[in-house]
Number of protein chains: 2
Amino acid sequence: MRILLIAALFSCSTTALAADPLPSWNDGDTKAAILDFVEAVTTEGGPGFVPIAERIATFDNDGCLWAEQPAYFQLAFSIDRVKALADDHPEWKTTEPFKSVLADDLKAVAGQGMKAVAQIAMVAHADMTADEFEASARDWLNTAVHPKLGRRYVDCVYQPQLELLSYLRANGFKTFIVSGGGIDFLRVFAEEAYGIPPEQVVGTSIKATYELRDGVPVIIKQPELDFVDDKAGKPVGIYQHIGRRPLLACGNSDGDLQMLQYTTIPRNEEDDTPRLGILLHHTDADREFAYDRESSVGRLDVALDEASSRGWIVIDMAQDWATIFPE
Amino acid sequence: MRILLIAALFSCSTTALAADPLPSWNDGDTKAAILDFVEAVTTEGGPGFVPIAERIATFDNDGCLWAEQPAYFQLAFSIDRVKALADDHPEWKTTEPFKSVLADDLKAVAGQGMKAVAQIAMVAHADMTADEFEASARDWLNTAVHPKLGRRYVDCVYQPQLELLSYLRANGFKTFIVSGGGIDFLRVFAEEAYGIPPEQVVGTSIKATYELRDGVPVIIKQPELDFVDDKAGKPVGIYQHIGRRPLLACGNSDGDLQMLQYTTIPRNEEDDTPRLGILLHHTDADREFAYDRESSVGRLDVALDEASSRGWIVIDMAQDWATIFPE
């Protein structure tokens with residue numbers, strides 16, 4: 001009898017502790033929909049049950065796991081690299097787009113289009129070994145501070161999403177990043193920031209080669225685009241890299257539209273496995289940023305229109321999140 | 001007291017059961033080296049200890065996890081597909097390389113070089129949806145029988161390697177395939193045959209695209225090479241796909257040379273983490289096949305010469321393996 005009592009006490013306290021796996025999410029329809037979905041796919045014997053091996057969740061990164069305004073953080077990294085390397089490249093003072101970068105005239109850079117942005121990115125990402133790249137990105141991530149949010153970029157991650165990732169993993173999900181950002185840049189911080197290991201990061205890549213340099217193996221990052229993991233590239237990246245259709249996909253912009261379609265649209269009439277599409281709507285100008293249909297960074301327009309007909313959850317950041325960033 | 005006795009009995013029986021994790025491996029230097037390595041990297045507090053997250057093991061597939069003689073099994077699949085589709089392509093009767101395939105003149109096909117082989121492979125792998133490809137490969141793998149070994153191709157896997165994969169996983173390793181074979185072909189059987197999930201398969205790939213077809217998402221496999229995961233491509237594939245240097249790599253041919261270099265060669269004088277390179281030497285003409293330096297399929301020549309100076313283990317199939325195939 002005493003043992004039973006103690007067992008009952010333990011049982012209560014465990015339930016109390018486990019009661020809210022998403023403490024930074026306000027109670028409401030959004031949080032309830034997520035909890036209901038996870039319960040459905042993990043309830044053995046239930047109609048929606050999915051074996052652990054098939055519990056794949058894919059998350060966009062920029063604007064979904066960490067902030068992306070006023071410009072993608074990886075662009076800030078690239079610009080800082082150009083500045084840091086400028087002494088070794090006197091020709092940049094008179095050559096675009098570097099001239100405008102060094103003059104802090106980002107409007108002029110943007111005016112030169114995608115080719116200019118790619119040139120800047122290549123300076124920061126190519127013509128070096130993988131180890132050299134990793135060291136330079138790690139150094140920047142350890143120190144660089146967001147101009148408006150006043151905290152390191154790596155601390156501009158969303159606390160509610162950290163909780164969602166942990167909650168999914170605790171329920172047998174394998175969590176992946178599927179981002180338009182650079183795969184190698186992401187891998188430098190994804191494990192520490194999100195608990196997502198390098199092998200579960202899918203992103204945009206440049207080509208690479210292998211050689212023995214003075215007898216030591218090196219990977220050399222080449223200044224040539226390999227794969228663009230954005231828009232229709234996201235389902236392709238998932239197919240090539242993961243090889244399994246996700247059970248849950250979360251994004252925040254039109255760049256995630258196809259990933260959410262690929263994840264959630266039934267393939268035929270027998271395809272009734274529960275699948276969840278989630279869009280994060282940036283509605284919080286006070287605590288973060290508010291933007292959607294007109295934004296040049298992270299535009300959310302077509303996907304927002306498609307959300308209701310597809311049954312995707314739309315997170316209203318201002319309303320659904322009690323906290324935005326970790327303490 | 002009685003409880004202690006029972007505990008002691010249980011403890012003994014557990015030890016006895018766990019005594020030999022590699023029962024199909026004969027006792028000897030090879031087996032001992034593998035067991036010693038795994039003990040070194042998993043002994044907490046020991047000088048060679050490696051955290052679980054970094055325990056990555058990569059295995060070649062053809063001739064390493066399953067047989068590859070007299071021709072790569074995926075080529076047999078491609079040839080069977082050409083034959084199966086021939087009725088819909090009357091022009092093949094007079095067009096090479098299909099004419100030679102339909103005449104069962106594989107020598108004539110080989111004489112037409114790599115371009116002919118690629119043409120045959122594309123018939124079997126491209127211009128269809130991912131689901132259509134998977135269905136055709138699954139159908140073939142379920143039924144096709146190896147001409148000499150007299151068992152289904154999927155049953156031509158090596159029992160000792162199945163045990164090694166399980167043993168590594170039981171010790172916290174994540175096991176990957178890194179193969180020159182097609183990534184999508186491998187994924188159809190790797191999970192069932194080896195316990196390796198799709199997201200842990202790295203291989204040669206062709207390009208793919210995404211579209212909504214009658215409102216349903218499809219991935220379409222394109223007749224264009226994307227990435228060749230062989231020779232110097234293997235370290236690149238590991239870098240792009242896994243993003244971590246393996247702790248153990250196992251191969252059987254010169255196509256694996258660079259993967260073994262990349263895995264085992266120290267990067268600098270401080271780099272003293274134990275790492276293991278393993279080569280499977282096909283020495284068993286009675287039970288499987290015997291081939292190495294002169295073979296056109298799975299040639300093992302340069303890597304065999306390099307093995308002793310690099311400290312790679314060479315499995316002598318005839319001597320080290322008590323069993324070759326599962327019962």
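Which residues have the most contacts inside the largest nonpolar core? They are B:Ile34, B:Phe59, B:Trp66, B:Phe185, B:Tyr194 and B:Leu248, in a core of 59 residues. This is a predicted model, in which local features need pLDDT of at least 70 and side-chain atom pairs count only at pLDDT 80 or more, while totals for chains, interfaces and linings use all residues. Residues are numbered from 1 along each chain as its sequence is written, chains are lettered from A and ligands numbered from 1 in the order in which they are written, and side-chain values use heavy atoms, with hydrogens and water left out.

**Nonpolar cores**
- A nonpolar core is a set of buried Ala, Val, Leu, Ile, Met, Phe, Trp, Tyr and Cys residues joined through side-chain atoms within 4.5 Å; buried means under 20% relative accessible area, exposed over 50%, and partly exposed in between (1.4 Å probe, protein chains only).
- Another core, of 56 residues, lies apart from it and includes A:Phe73, A:Phe133, A:Ala137 and A:Ile324.

**Cis peptide bonds**
- The bond joining A:Gln69 and A:Pro70 is cis, with omega about 0°.
- The bond from B:Gln69 to B:Pro70 is cis, with omega near 0°.

**Positive phi**
- Most residues other than glycine have a negative phi, and most peptide bonds are trans.
- B:Asp214 has a positive phi, near 50°, and is exposed at 78% relative accessible area.
- B:Lys231 also has a positive phi, near 50°, and is partly exposed, at 44% relative accessibility.
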